[in-house]
Structure formats: C-alpha cells, structure tokens
Amino acid sequence: MIKVEHLGKHFGKVKAVDDISFEVNEHETLVLLGTSGCGKTTTLKMLNRLIEPTHGSIFINNKNILDQQAEVLRRGIGYVLQNNGLFPHYTVGENIAIVPQLLKWDKDKIRHRVSELLEKLHLSEDYLDVYPNELSGGQQQRVGLARALVADPPVLLMDEPFGALDNVTKAKIHAEFKALDELKRKTIIMVTHDVQEAFELGDRICLMDKGKIVQIGTPTDLLFKPNNQFVEDFLKEQRLQLEFKAIKPPSPPEGGTFELHGVILPAAIGLWELLEQLKFTKSESIAILDNQHKQVGQLNFQDLMSAFYKYKQQQSHE
Amino acid sequence: MNEQQTLWSFMREQSDKLATQTLEHIGLTFISLFFAVLIGLPLGILIARKQKLSGTVLGIAGVLQTIPSIALLGFMIPLLGIGPKPAIVALLLYALLPIIRNTYTGITGVDAAVKEAATAMGMSRSQILFKVELPLAMPVILAGIRTATVITVGVATLASYIAAGGLGEFIFGGISLNNTNMILAGAIPAALLAIIFDFLLSRVQKLNFKKINTATKLSPAILVVLACVYFIPSAYGSKLTAGFTPEFMGRQDGNLGLQSKYHLKIHTIVISDAVMYKAAYEKQLDVISGYSTDGRLKAYDLVVLKDDKGIFPPYYAAPIVRDEALKQFPDLEKTLNLLSGKINDTVMTELNYRTDYLHQSPERVAKDFLQSKNLWRPDRGGNDGVVRIGSKIFGEQYILANMYSMLIKGYTDYGVSTKTGLGGTKICFDALTNNQIDFYPEYTGTGLLVILQPSQKVINLVTGSKESTYNYDKDMFESRYHIKWLQPIGFNNAYALMMRQKQAKDLNVKSITDLKNYLDKK
C-alpha cells in the first residue's frame with residue numbers, strides 16, 4: 001500500500017532522516033516510535049509532503065506521490081495532529097467539513113457525513129455549532145479525528161495524536177480507537193514516543209534513532225527478538241507490562257471470539273486486557289466462542305498466566 | 001462659564017464652516033486610511049510570507065513615521081502640488097506602519113499547528129490566507145487600523161497647511177488670530193472624532209469570529225462611503241481661486257474685511273503661507289494673501305492689488321520688549337534702536353528675496369546688510385546675562401532676529417539666545433507675556449487687530465495714519481501688558497492681495513475693486 005524507498009531529509013548538514021526504506025500493508029497500523037529528534041515526525045510529514053524529502057521516493061498505491069499535486073494528494077490523506085490544529089474560528093461542524101468543502105461535496109452529503117461521524121465518535125450533535133475552545137481536550141481530539149476521517153481517505157497519518165491527553169482520557173480514547181470500524185479499513189501510520197501506546201495500537205512498530213530505522217517488526221518481535229542492545233534498552237523499563245500486552249492468549253477457533261458477561265472481546269486481544277477484564281468484573285473465567293457464537297471452552301486466571309509462561313519458555317528455547 | 005458660552009455661540013455662528021470642515025476631516029481621514037489599508041495589508045502579507053523582506057519594509061515604514069508631519073507635507077508639494085492629493089499621500093504614509101506591522105504580527109502569530117492542519121487538509125496557499133490566516137489575524141490587524149485611524153485623525157489637522165481643508169483650518173486660524181474659541185472649535189471636534197472612531201473600532205475588535213467576518217466584508221463599503229464625504233464639500237468652484245492663510249481668513253483686515261467692505265465673493269481655499277506663493281506661481285491659485293515686503297513677490301513675478309478702500313491697516317515693524325527686560329538689560333533699548341529707520345520696503349523686499357528665493361541663510365543676509373550700513377561689529381563674547389529673542393515663522397522675522405542678535409553681541413556684553421520659528425502671533429505674544437522670550441519684532445497692524453482687538457470704531461479711528469496706529473499700540477501695550485514698542489524699523493509689511501503679473505494685466509485688474517468687478521461680471 002505504502003512503499004518508502006531510500007527516503008532522506010537533510011537540514012543543512014543534519015540528516016534528520018537518513019536513507020530509510022519500509023513498507024506498510026493495506027489496513028495495517030504502523031507505529032513510528034522513538035525519542036524526540038529521532039526523525040519519526042519528519043518521516044511522517046514527508047508522506048503528505050508537509051516536508052519535501054531531500055532524496056528517495058514514496059509510493060502510495062504504486063503512485064509516486066512526488067509526481068502529484070500536493071494539495072490534491074493531501075485531500076486524500078487523513079491527518080491528525082498532536083495539538084489537534086482545529087480552526088478556532090470554525091465551529092465543530094465547520095471544522096469537520098473542511099475537506100468535503102474543498103472537495104465540493106453538496107451540502108446534504110456533508111451534513112449527513114458529519115452527523116454520522118459525530119455519532120461514531122460519541123459526540124452529541126449539540127456540539128455542531130460550538131467553537132473548539134469550548135470543548136475538553138478529549139473532545140477536541142475526537143473532532144480532530146473526525147476531521148481526518150470525514151472524506152474516508154484510505155490512508156491516515158497521525159502525529160502523536162494522543163500526546164496532549166491525560167492518562168485516563170488517553171486510555172478511553174485508545175479503547176474507542178481500537179473499536180472504531182472506520183479505522184479498520186484504513187492504512188495508518190502513527191508517530192508516538194509512548195512505548196505503551198505503540199504496543200497497544202500498532203500492528204507493527206518501527207523503532208527509529210538518529211534518523212535511521214533500528215528495527216521494524218511486530219511488538220513481539222521487538223520484545224523477544226531485538227536486533228540490538230538499543231532496542232532492548234528502549235523497552236527495558238516497561239518490559240513486563242509490554243510482554244503482557246504483546247502476548248496473546250490461545251486463539252479461539254477460526255472466526256471465533258471471547259466473551260465475558262455478554263460483552264464480546266476481539267480474538268486479537270492481548271493477555272493484559274483479558275487480565276484487566278477479569279479483575280474489573282471479578283469474574284472467574286472468560287468464555288471462548290466459535291464462529292457460531294457457541295461456547296467451546298473457557299479461560300480462567302490460571303490459564304492466562306500459564307499461556308504467558310508457555311510463550312516465554314518457547315522464546316527462550318528458540 | 002462665560003468662556004463656554006462664547007465657544008458655543010462661536011460654533012453656532014460658524015456651524016456651516018464647522019460642518020464642512022468636520023466632513024472634510026472625516027473624508028480626508030478615511031480616504032487616506034482606505035489607501036493605507038489597500039497598500040499596507042498586501043505588504044504585511046508579503047513580508048509575513050517572505051520574512052527576509054520584513055526588516056527592510058518595516059524599517060522604511062518606520063522611518064516615514066518619524067518624519068515630522070509638516071516636513072512630510074512639505075516634501076509632497078513639489079511632487080503633487082497643493083490640495084487633497086499630497087495631503088492624502090502624506091496621511092496614508094503615516095498610517096502605513098501600524099497597518100503593515102500589525103498585519104505581519106497577526107499573520108505570523110497564527111498558531112503553527114492550525115496552519116499545518118490547513119496545509120495538511122489540502123488547502124491551497126490562497127485558501128489558507130483567506131480562510132485561516134486573515135480571519136485569525138483580523139483582531140490584530142484591526143488593532144493596527146485602529147491605531148492608524150487615531151494617528152490620521154490627528155495628523156489630518158495639518159492638512160489645512162496645504163489647502164486640503166479639515167478642522168486644522170480652525171485650529172491654526174485660531175492660533176494665528178489669538179482666538180481661543182476658534183482653536184477649540186477645531187480641536188474639540190477633532191478630539192471627539194478620534195475618540196469616536198477609536199471607540200467604534202474597539203467594538204468591532206471585540207466581535208466574535210462570525211460577526212467579524214461580516215464586519216470585514218462591510219468595512220470597505222463603509223470606508224468608501226466615509227471617504228466620499230470629502231468630495232462633496234469640495235465640488236464647487238468659481239472663475240478664480242484664492243488661497244488665503246488661516247490667519248488671513250479670520251481677520252477683520254483680511255478675508256472678513258474683503259467680504260464686508262469689498263463684497264468680494266471668490267472661491268477660497270485655506271493654505272499655509274509656506275506654499276502659497278509657489279502655488280500662485282504654478283497657477284494653482286490666482287489670488288493670494290501675502291505680505292507686501294515678501295521676497296517671493298519678486299521671485300514669482302507677482303503684483304500687489306491696490307487696496308482702494310483701505311481695509312489693510314499699516315503694518316510697520318518694530319521690536320516689542322518686556323519692560324522688565326529693558327530694566328534688566330539697560331543697554332538693550334539703545335542697541336535695538338540702532339536699526340530704527342534703516343530698512344524701507346524696497347530694502348526689506350530685497351533682503352527677503354535673498355533668503356526666500358536665493359536661499360541664502362538669514363544670518364548671512366543679516367550680516368551683509370549690517371556691514372553695508374557700517375553697523376556690524378564683531379562678537380564681544382559677553383556673558384552679562386542672556387537676552388532671549390523670539391521670531392515668527394517666516395523669513396523676514398528670521399533676518400530681523402539675526403540682525404538683533406548680531407547687534408546685541410557686537411554692542412553689549414549680553415549673551416543671546418534665539419527662539420525663532422514660533423508658529424504665529426499668538427504663540428509669539430504668549431511667549432513674550434509668559435517671560436519665555438524678551439522681545440520679538442511685531443507689526444503695528446497685527447498688534448492692533450490681533451492682540452488689542454479694539455472696537456471697529458477705534459480701529460477706523462486709529463488706522464488712518466501709521467503714526468496713530470503706532471501710538472495707540474504703544475500706549476495700550478504699555479498699560480495693558482507692560483510691553484514697550486521701540487522705534488519702528490521703517491518698512492511697512494502690510495497685508496496685500498496679489499496676483500500673477502501677467503494674469504492681472506490680461507484681466508485688467510489693478511485694485512481689489514477691479515477684482516470684485518471682474519468676478520461679478522460672470
């Protein structure tokens with residue numbers, strides 16, 4: 001879907017991004033992770049040409065984006081900023097409708113689409129005529145997300161989208177983020193410096209340092225098959241929690257899910273979340289369902305812990 | 001209380017003029033503002049885009065701002081003549097800096113995240129400018145326009161110096177005529193205009209984003225309407241155009257006398273004497289009020305119209321000195337009288353010609369003259385007290401002040417400090433009575449009509465001969481102000497109407513009555 005080849009950006013003698021290449025598959029979420037100044041944001045901004053690369057090429061759907069008109073390209077790529085970048089002089093409704101206006105949709109279509117998104121993002125329609133400064137940080141970020149999604153672009157770029165939020169709000173939005181069906185059919189590239197966030201939201205993580213890619217792979221790859229000492233050190237402090245997040249429970253049968261007190265949990269859920277669910281609901285066990293919604297088994301606390309140990313052991317034997 | 005009532009009655013009496021001047025003032029302000037916005041806004045946007053240029057552009061606008069207003073108006077005359085055009089250009093130059101600077105600050109101050117979002121949404125540069133940057137910068141830009149408005153209302157009073165009208169006509173006329181009511185009749189409305197416009201713009205600034213959009217769209221229309229006001233009053237004309245100084249306009253021995261005694265009806269504009277002669281020479285004016293000894297009379301080939309009904313009283317020049325100064329400096333009177341009777345009309349015109357037209361320094365002209373009369377002596381470098389000499393703001397007075405300065409330095413042990421260029425009779429005379437200067441050269445007619453202001457009967461009585469005017473002034477100044485008129489210098493610098501020699505000849509106009517008859521003929 002997205003292919004980056006030998007991409008580089010030099011500011012004078014500083015190589016902010018130094019000859020990197022990677023690919024992102026369709027409907028995948030790739031997280032660019034690293035400390036400040038590692039080049040992750042510069043990389044992201046080159047994808048919609050907010051920054052023009054010094055060298056290299058970028059293909060989206062096999063088309064070189066450098067050959068397209070920048071404005072047209074950008075209207076087809078969603079973009080979410082850390083400080084939401086909402087227009088203070090536009091109402092929430094007008095903010096969300098910016099791209100459709102640029103694309104000259106008719107009024108009814110815009111109104112319909114805006115209402116639809118507000119509902120999906122759990123924002124009341126009352127907010128339509130409210131100015132952004134009257135909203136809470138979390139609400140503003142949701143509006144920012146709605147603005148990026150409104151024209152249903154296949155690609156979404158997110159620059160530390162949740163960086164300015166407190167932990168409680170962040171956790172809530174993370175959950176919504178994962179549940180949002182709109183996002184499931186998007187190819188997403190997200191920048192963050194928050195390791196937990198990267199592990200929670202990323203299908204794959206691209207760890208960067210000094211303008212270069214140190215390692216690119218799934219969360220478990222980074223945890224258990226680090227390329228070098230840098231990767232290990234980077235994850236060291238939060239290692240235990242990360243492992244619980246990265247390791248999955250035994251998968252349910254093909255097309256099946258988990259269930260607890262009538263709430264369906266996705267098959268790709270991590271151990272960490274299942275444990276949390278168990279703790280919060282004070283239940284003994286989680287049901288395993290097949291594709292017919294029939295219970296075929298169950299997992300209790302012990303089962304989850306042994307899954308963890310089993311995985312760890314497997315890793316150490318490899 | 002009394003003062004207020006007379007001010008009120010003055011304003012009622014002059015309500016026509018007041019209304020015209022106020023409208024002119026508003027019009028002048030907003031035309032200039034309109035063009036200033038038209039130029040300043042794009043420049044501000046340009047330097048916000050190309051920050052390298054910002055230093056240069058803001059620097060130039062800043063320098064323009066520091067040029068004294070009168071000087072700037074002066075620079076405009078050779079380029080644009082007199083009247084509204086140079087005034088508007090000068091005013092707009094003053095209004096530029098706050099508009100450019102605030103546009104620049106406003107646009108560069110827009111949150112970078114918002115600009116980035118706009119770019120990332122796929123907005124083009126012009127969409128970002130009009131939909132994001134300008135609306136968000138608008139409160140700051142409006143603050144700049146507000147500052148510019150207040151500055152322009154203030155500076156627009158000076159427009160009357162170059163015949164562009166406005167409330168300055170009353171203000172400067174009042175200063176020249178020693179007429180407080182007239183000054184206030186101009187100054188109060190001018191101040192009110194500034195306050196009102198400032199208030200209105202502050203309200204606009206406080207509007208929220210939605211309303212500001214509407215206001216922004218309406219404002220050009222409002223500006224144009226207000227600007228049009230200016231052209232309404234100036235859309236009249238007559239065969240000949242007269243340019244009179246603000247002082248002449250309000251004087252009994254000036255325009256008032258021309259109207260009451262000669263019944264002269266002529267299209268008149270008010271103009272500073274600094275540019276009046278040149279404007280006549282360049283055929284922008286046909287009749288001007290001048291001084292009969294003015295050097296420019298010769299330089300610009302003008303001719304004095306005969307005052308056949310005798311409305312201009314004699315204007316013999318003599319130093320007037322505070323009695324206390326005469327006591328403090330016992331040698332002063334005798335020294336100043338050295339010049340008495342030495343300069344007649346022809347000599348004075350010649351001396352004025354040398355400064356006004358040949359641009360020789362007044363100092364050199366003064367020295368040459370004293371040497372030719374064997375009056376000049378080298379500076380004794382004395383320090384026995386300092387005599388303060390004042391002078392009004394025209395060439396002749398500079399020359400006289402220089403002569404007196406040289407004489408005092410050469411014949412006595414006193415030091416000298418000169419305060420030349422005092423704006424008008426009122427300023428000069430107030431400086432004298434308030435012990436800011438010790439003496440200055442004054443004219444008998446001015447003393448009578450501007451300072452003493454006796455009844456018409458007395459005026460008719462004493463203006464018959466030069467001696468009776470001089471004696472009346474001398475007695476009254478001594479008893480009323482303790483100021484002494486020393487011996488007259490000799491020349492009579494009376495007010496006079498002048499025309500270009502050639503035009504006067506073509507129209508066969510030799511006297512003011514001829515002029516009136518010509519104008520009435522149609």
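**Entry one: the model.** I kept in mind that I was looking at a predicted model.

**Entry two: the interface.** I started with how many residues take part. I found 18 residues of chain B in contact with 22 residues of chain A. Then I looked up the area: the two chains bury about 1,800 Å² between them, and 67% of that is on carbon and sulfur atoms. I noted that figure because the size of an interface is often given as the accessible area lost when the parts come together.

Which side chains meet in a salt bridge? I got A:K45 and B:E116, at 2.7 Å from N to O.

Next I asked which elements of chain B give two or more residues to the side that touches chain A. They are α6 (112-120), α7 (125-155) and α10 (209-228). The largest share, seven residues, comes from α6(B).

I moved on to the surface of chain B. Here I found a nonpolar patch of about 560 Å², made by B:I188, B:L192, B:I195, B:I196, B:F199 and B:L200. Is B:I195 buried or exposed? I wrote down exposed, because its relative accessible area is 55% and the cut-off for exposed is over 50%.

Note on methods: Residues are numbered from 1 along each chain as its sequence is written. Chains are lettered from A and ligands numbered from 1 in the order in which they are written. This is a predicted model: local features need pLDDT of at least 70, side-chain atom pairs count only at pLDDT 80 or more; totals for chains, interfaces and linings use all residues. Side-chain values use heavy atoms; hydrogens and water are left out. Patches are made of residues with over 30% relative accessible area and no salt bridge: like charges are joined within 9 Å, nonpolar side chains (Val, Leu, Ile, Met, Phe, Trp, Tyr) within 5 Å. Accessible areas come from the Shrake-Rupley method with a 1.4 Å probe; for residues, only the protein chains shown count as cover. A salt bridge is a side-chain nitrogen of Lys or Arg within 4 Å of a carboxyl oxygen of Asp or Glu. Buried means under 20% relative accessible area, exposed over 50%, partly exposed in between (1.4 Å probe, protein chains only). Contact means heavy atoms within 4.5 Å. Buried area is the accessible area (1.4 Å probe) that two parts lose on being put together, summed over both. Helices (H or I, at least four residues) and strands (E, at least two) are DSSP runs, numbered from the N terminus.
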